[in-house]
Amino acid sequence: MNSEQVIEVRGLTKKFGSLTAVNNLDLNVYSGDVFGFLGPNGAGKSTTIRMLLSLIKPTSGEMKIFGKSITKDRKEIFSKIGAIVEKPDFYLYLSAYKNLEILGKLSGADTSKKKIMEMLELVGLEKRYKSKVKTYSHGMKQRLGLAQALLHDPELIILDEPTTGLDPQGMKEIRDLIIYLSREKGKTIFLSSHILHEVELIATRMIIISKGSAQVEGTVEELLKGEKVVVTFEVDKIEEAMRIVNESKWKEDFKSASKSEINFELTKNDIALLNKYLIEKGILVSAVVPVRSLEDYFLRITEGGTK
Amino acid sequence: MITLIWLELQKMFRKWRTYIGFIAIGFLAVVVQVALYFTGAKMIDFQMRGIEQSFVMVGNLFNGYFIARFILMALIIHIPFLIVIVGGDLLSGEATAGTYRMLLTRPASRFQVVTAKFIAGWISVLLLLVWLMFLSLIVSLLLFGSGPLLSFQGMKLVIIAQNDILWRFLCAYLFALISMSTVISISIFFSSFVQNAIGPIAATMAVIIIFIILSAIPIDFFQTIKPYLFTNHMSQWDGFFSDPVDYNDIFRSLWFLLAHIVVIYGITTYIFIKKDILS
C-alpha cells in the first residue's frame, strides 16, 4: 500500500434540513489507488463527491486533499484535480474544442491545439471536435467529460459514474483508460460507480456506503477474504456427480442442481479443491462459473438484497 | 482574473441572446434617424414656434448632436430591458446548463468567478452603450452634420455652443454606464438564486417598473421615498445638457447608483460563496 494519503476525510456530515445525507463519514484514499466508492442510490455518494469538490459545504467534519485544507489551499489543490460530477454538462452552444479550451484555461492547462486534439483523440472525439456539444449523444458527452478531467494532467481524478450511458465497448474503453491512467501514469482515481463488476475489475481499494455512512473500507481482496461465493459447476453426468457430492463433505456446501449444473456456496480456495475432487472421481467438469462475489457482498452490506 | 473575465466574455458573446440588445438598438437608432432625416426639420420648427418672433436662429440647428440627444432620450429608458436579457442569464445560465459543476471545480475561487461575471456584465453594458454612441452620435453627425445643440429644460431653452457639446455627451454616456451597470447588477443578483434566466429577467423588469410607477404617483408618501429609488437617479445623465451643469445633483445620483452596485455585488458574492451547488 502507498503511504501518501491523497484524500483524508474525518467525520464528514451533511444535513439538508432534517435529512442527513452523509453521516460521520471517514475516507482514506492513498496515492496510486483506484478507489471504488460504492453505494446504492441515495447513499450519499454524489453528496460526498460534491463536498470533496467544494460544491457543497459540509455541516461538519474535516476534509484534506494532498494533506491540505480545501478552503485554505483551494488553488493548489484544484489545479491537481480532474473531475466528472454526475453527468458531464457543457456549454452546449460551443464546440467540444472550445469547451475544452475554456475549461482547460480555467485549470491552467496547456490549451494549445495540439494538446486539446490529443485529449480529444484519447477519448475518440477528434473527428467531431468542431461540432457543437448540443449535437453530441450522452456517451459522447461522457467521453468529453473525461477529456476535460484529464486535460490539465491532474494527479487525482474523481469520476462519478463515468461509464453511465456508454455502450459495452465504450465502457470497456473507459475501464481500460482508468487502468492505464492508474498503472502507467500513476494517477490516483476516485471512482464512484453503481456497476459493481466494474469496480471489482479495476479498483484496488474501496468503500461501501449506505444511508450516508461507511459500512466497510479496504482492499477488494481484504473485503472478500473468507467470503463464500455461489459457484456453478457444469458437469457431464449429473446423477453420478450428485451421488458423489452427497457421499462427501461437499454436501454441506451444496445449494441446488439442475439438468447439468450443480450450485455450491464455496470460499475461493474450496472452488479449486472441489473441482479437483470431482475430476478425480471421474466427473468431467466443463465449466466453473462464479456468481459475482462483490455483488453479493454489496447487497448484504447495504441490506438491499433479497437473500 | 483577466483570463476569467475574458472567458466569460467569450461565453457571453457566443450566445445569440447577447446580440438582441445590439440588434434592437441598431434597428431603433436607424429607424429614428431615417424618420428624422425626412420629417425631423418640422420638429425643430414646432419646438421653436413660441420664440421665433423674438430670436433669429442661425446655423444648422437640426444637426447630429440634436439627433443624438433625441435618440438617447428615446432609447435610454428601454435599454435596461435589453440589458437584463444578458444579466439574468449570467449565473442562472450556468445552473440551467449544469456547468457550475465544471466551472466551480477549477482552481479559481467562487469570489473570482462571480466577480468575473459582474465585470463581464458591466463590460457588456459598456459595449452596448458604445454601440449606441456610435449609431446615435457618430452616424448622426455624419448624416446630419454638426452645429449648436438646442436643449429644452422645461420652459427654458438652452443653446449649447458646438465646441462645448462633445464632453457633455461623453459624460452623459459615462453616467448612463453607471445607471445601466446598476440594472445589470440587479439582474445578476436575482440570477444567483435561480436555475433559469426567465425569473431574473422578469424580477429585474418588475423592480424597475414598480419603482418608476411609485415615483410617478403624486402622493406624499411616494414622493418622500422617491429620492431613495434608484430609478429616480438613472435619468440624471440629462443634467449634463443643462447650463450651468448642476454637479451636486449629478454626483449625488452617481454616488447613489455606485453604492447600489457595490452593495448588490457584495450581497450576490456572499450568497454565491455560501451557496450549495445542487444543479
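1. In chain A, A:Lys64 stands opposite A:Ser69 in strand 5, and strand 4 (residues 60-65) pairs with strand 5 in the antiparallel sense over two bridges. Strands here are DSSP runs of E of at least two residues, helices are runs of H or I of at least four, both numbered from the N terminus, and two strands pair if DSSP finds at least two bridges between them.

2. This is a predicted model, in which local features need pLDDT of at least 70 and side-chain atom pairs count only at pLDDT 80 or more, whereas totals for chains, interfaces and linings use all residues. Residues are numbered from 1 along each chain as its sequence is written, with chains lettered from A and ligands numbered from 1 in the order in which they are written.

3. The four strands form an open sheet in chain A, in the order 2-1-4-5 and with antiparallel pairing. Strand 2 (19-30) and strand 5 (68-69) of chain A each have a single partner strand, so one side of each is left without a neighbour in the sheet.

4. Between the chains, 19 residues of chain B are in contact with 24 residues of chain A, contact being C-beta atoms, placed from the backbone, within 7 Å. On the side of chain B that touches chain A, helix 1 (2-12) and helix 6 (100-103) of chain B each give two or more residues, and the largest share, four residues, comes from helix 1 of chain B.

5. A:Leu191 touches, among others, A:Val34, A:Phe35 and A:Ala203, not counting residues up to four places away in sequence.

Methods:
Contact = placed C-beta atoms within 7 Å.
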